[in-house]
Amino acid sequence: MHPAKCRKLLVSLRAAVGWLSVLAPNLIGRAWRMQVPLARETKYAIRLFGIRNVVLAYQLYQAERLDAEVDELEEAIRQGIAVDSFDLIFALGSRERSQGEPSPSAVPFLASALGVILGVLGREPSSTVEESF
């Protein structure tokens, strides 16, 4: 897949999940297999997660503009990869060892993995090799 298409897909997915988390935390809670109705604190945490995704989507979207600095796109992608990598680690750490039934952290784990993959595939190939000493 072309890097620009990966970035557009990543922006769209982040924005969709982010706004859904902010506006409909119960829906996200159900997708994450949480007990509904959600506690106020849980809704607040889901909304924090959502606004973070909205900001990451906007940041990547803005890095694509024509007057953006050269390193702005790479920096936005790297930040997204770092955030999704930490989400991936925490989702792995929160997995319960249950028999037969999927873990509640399976959906966040898969979403984070998809974010990392799209972020890596969305990077532009470098035409020059920079050497650092």
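Modeller: Let us begin with two helices. The axes of α1 and α3 (residues 40-63) come within 7 Å and cross at roughly 150°. Axes here are lines fitted to C-alpha atoms, for helices over the stretch in contact, with angles from 0 to 180 degrees between N-to-C directions. Helices are DSSP runs (H or I, at least four residues), numbered from the N terminus. α1 and α3 are therefore roughly antiparallel to each other, a term for angles over 145 degrees. The crossing of α1 past α3 is left-handed: the near helix is turned anticlockwise from the far one by less than a right angle.

A word on the source. This is a predicted model, where local features need pLDDT of at least 70, side-chain atom pairs count only at pLDDT 80 or more, and totals for chains, interfaces and linings use all residues. Residues are numbered from 1 along each chain as its sequence is written, and side-chain values use heavy atoms, leaving out hydrogens and water.

Now the loop between α2 (25-31) and α3, where Pro37 sits. The peptide bond from Val36 to Pro37 is cis, with omega near 5°. Arg33 lies in the loop between α2 and α3 too. Its phi is near 65°, a positive value in a residue other than glycine. Most residues other than glycine have a negative phi, and most peptide bonds are trans. Arg33 is partly exposed, at 39% relative accessibility (partly exposed lies between buried, under 20% relative accessible area, and exposed, over 50%, with a 1.4 Å probe and protein chains only).

Notes
Parallel < 35°, antiparallel > 145°, perpendicular 65-115°, else oblique.
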